[in-house]
Amino acid sequence: MAARGRSRRTLSFSVDSVGINRGESLPPTLQQPTPVFPVMEQKPLPLTGGEEAEYLLALKQDFRGAMRSLPCFIQPAAALRDVERYSDKYHSSEHTDGLMDWTPDWQRFPRELRIHVKKPARDGVSVTRSDAQLAQKKKKKKVREKEEVLLKLETLQKKEEQQSEEDDDNAEQKKKQEDDDADGEEEYDEEEFEEETDYIMSYFDNGEDFGGDSDDNMDEAIY
Amino acid sequence: MTAQEVRLCGLLLREHFGEVVEKVGTQLLRSGAQNLRTIIHETGLSVDLVKKSLMVLVQHGACLFSSGRKGPGSPTEYRSGCDRILRILRYPRYIYTAKTLYGDTGELIIEELLQRGHMTMSGTVKTVADRLTQNMEEGRSMDYSEVSSAFSKLVETHFLQRCPPLAGAGTADSTNPAPGATPATPSTPSAPPTPESFPDCYKVPHMTLVGRGKRQLTAEDGEDQRNAKRQKMDPEAHGDEGIYWQVNFERFHLHFRDQAIISAVANKLDQTSSEIVRTMLRMSEVTTSPAATCTKPLSANEIFRSLPASYNIPRPILDQYLTLLVDDPMEFVGKAGESGGGMYVVNLHRALANLARATLESVVQERFGSRSARIFRLLLRKRHLEQKQVEDFAMIPAKEAKDMLYTLLSQNLVQLQEIPKTPDYAPSRTFYLYTVNQLPTARMLLQNCYKTVANLIERRLFESKESKRLLEKSQRIEAILASLQASGAEPEQLTEVEEMITAPEKQQLDGLRLHINKLDSAENQVDETIFLLESYVNSTATSTS
């Protein structure tokens, strides 16, 4: 828009028709980005108050609060803790209880979305742990078939036990009890039977699966 | 799917479903239809989390799945649309409308369905009856039949509709259940079938559900949870398995549109005219299709007969009112013939266009002043004007008119149209005309509204995060107070607990609460504008196609 072509004063558009009269200068050019919060010449109108607006506001805030407590509010168990605490072992299972409160009608979803997690806290742990252990083994290239078969048999057995027990009406209490029992039992098994050492396997973290596992349902602390 | 829409959808998903669903949702919105593998790879989340998020999105209707494009063997593809997620902004309005029309029962039914996405009728009735019973006095409970009748009424007036059934959705080679006869070729599916394409859309199923609402025993939390879980796991069959219901947003939108027209008439003319228009709209509720340009013609005799009993205006006065409405420049009502004492229609699309135009004018007025608004209105009426003509018609001195025009031009509210006299577009021999195009300007303002709401939400989240520690403390103290009061403590203990929050902290909390309420309220208000502009833009889309 400024004069081009050897400092001639003609501009690319006709001065008259756009309304700039002679003698008036163009406004000064801006040398920096516009301010983030420019001063407004016209102040905005106040919000409409009234009963309806307040009721709508209350409805909105209630709805948001209610959604947070529903099973469809998905929050991965926060794995970022500044300091590992002993109580984490017992706290982490509480959060995931809400997830399977909602039993969807599987007919309406594609088959690939089916997560056959009958008991999230339990199976999540066992699946990821056994996966992690299997992966570790493959990486280390120590294939102890006997241990693997034993392990699989045990976890399968436990899964079957849980599935059959689920059909009872008073499954909840029993499940919770069995939870703690089987949890301790499985922990014991997995920890001790790995590689026939006296040491608990998870103490030795060679860093290969750092950040690779899914971090929800942590039953043991990572060192 | 503009960047502003995607940003707003992401924030809404985050607030209502959590950050995981937000990640998956924005991935779907940004990159279109994808299969499960791609989503897992792009978002970097674990398989389980992605699956759960997709299920949540499908449950709430925000995501659709279909067989892949490459033929029957390809994996299912998921796609998402901004429209459905943006509706979340309007949920409070839907719930409030249900309350005004059908009372507390209707309000709770709609609220439950909005929270859960899809639900069976029996499930909804039970939950709502339980909730109503909670709030009633001791010893009284809500009967299931009352809730069922409210539900049936909602279905009859089309506020609720059945979810479209999915034919063979589990298998990988499912064909899209299109309403007409589908050829066997696995071509890319066209738009998914609307719920209304199925004949049973609004049929209430025969349901055997007898009983009353259960009051939740105020036991400890652990017991409560177990009781609740046991209730949910009760597999009672009520005869309506597999039939899921969802909220019919389009019907609510028609209702809002009618309300907007009626209140506009009431503001411009008077109460009686608005009652006449309300009667006309009520009579044509069932006969008008949602995308119709105007209602079916109604004769003045019919209108006279259908007026509410409290308005016994004599027949000649009614005719005068109708003539006034027809002559009004807003063109809400038009005359379509002379039979039956005069045939009258309500011009829906034109009313929407006028309402949108009023919105644009008011935006210009509030941002730039009344004189700029005068120029804007002038350009809307006269279409194309030169600089000199603008100054003359608007009766504004030349220098100020030029300033205002340039400000409007820089904000893109006004466009410049060049009309050359010679083929070489020489500037001295070209006409430069200022013009306003209503539809593109409305679209631009709509995007501005989305950006505004997104900014409001972000600011609100920022404010809460700043004072997170304080908020948590106050929540803990409220919980302590509540438990103390429930167990009957002395007033000294209560005051002692209350004093745990110091006075400056209380002030800070009050200020925070005020800010958050203001921001929330502002979101609701901006959503009203969004609704008007969206309806206008959609109405033009359907009329031109």
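This is a predicted model: local features need pLDDT of at least 70, side-chain atom pairs count only at pLDDT 80 or more; totals for chains, interfaces and linings use all residues.
**Aromatic pairs**

Over all chains, the count of aromatic pairs comes to 13. One of them joins Phe65(B) and Tyr78(B) in a tilted arrangement, with the ring centres 6.4 Å apart and 55° between the planes. This pair links distant parts of the chain: Phe65(B) belongs to strand E2 (residues 63-66) of chain B, Tyr78(B) belongs to strand E3 (residues 77-80) of chain B, and the two are 13 residues apart. Phe65(B) has a relative accessible area of 17% and is therefore buried, since the limit for that class is under 20%. Tyr78(B) is likewise counted as buried, at 0% relative accessibility.

A further tilted pair is formed by Tyr94(B) and Phe249(B), at 5.1 Å centre to centre and with 35° between the planes. Because Tyr94(B) lies in helix H6 (residues 91-116) of chain B and Phe249(B) in helix H10 (residues 249-268) of chain B, the pair ties together parts that are 155 residues apart in sequence. Tyr94(B) is buried, with a relative accessible area of 0%, and Phe249(B) also counts as buried, at 12% relative accessibility.

Tyr94(B) and Phe249(B) are members of one aromatic cluster, which also contains Phe63(A), Tyr91(B), Tyr102(B), Phe159(B), Phe252(B), Phe256(B) and Phe531(B).

**Charges over rings**

Phe159(B), one of the cluster members, has Arg251(B) over its face, at 4.7 Å from the ring centre. Elsewhere, the ring of Phe393(B) has the charged end of Lys382(B) over it, 4.7 Å from the ring centre.

Asn412(B) has a positive phi although it is not a glycine, with a value of about 70°. This residue lies in the loop between helix H17 (398-410) and strand E11 (415-420) of chain B. Tyr425(B), also not a glycine, has a positive phi of about 50°. The loop that holds Tyr425(B) runs between E11 and strand E12 (430-435) of chain B. Asn412(B) is partly exposed, and Tyr425(B) counts as partly exposed too.

The relative accessible areas of the residues discussed are listed below.

| Residue | Relative accessible area | Class |
|---|---|---|
| Phe65(B) | 17% | buried |
| Tyr78(B) | 0% | buried |
| Tyr94(B) | 0% | buried |
| Phe249(B) | 12% | buried |
| Asn412(B) | 42% | partly exposed |
| Tyr425(B) | 48% | partly exposed |

Notes:
Residues are numbered from 1 along each chain as its sequence is written. Chains are lettered from A and ligands numbered from 1 in the order in which they are written. Side-chain values use heavy atoms; hydrogens and water are left out. Rings of Phe, Tyr and Trp (its six-membered ring) pair if their centres lie within 6.5 Å; planes under 30 degrees apart count as stacked, over 60 as edge-to-face and the rest as tilted. Helices (H or I, at least four residues) and strands (E, at least two) are DSSP runs, numbered from the N terminus. Buried means under 20% relative accessible area, exposed over 50%, partly exposed in between (1.4 Å probe, protein chains only). A charge sits over a ring if NZ of Lys or CZ of Arg is within 6 Å of the ring centre and within 35 degrees of the ring normal.
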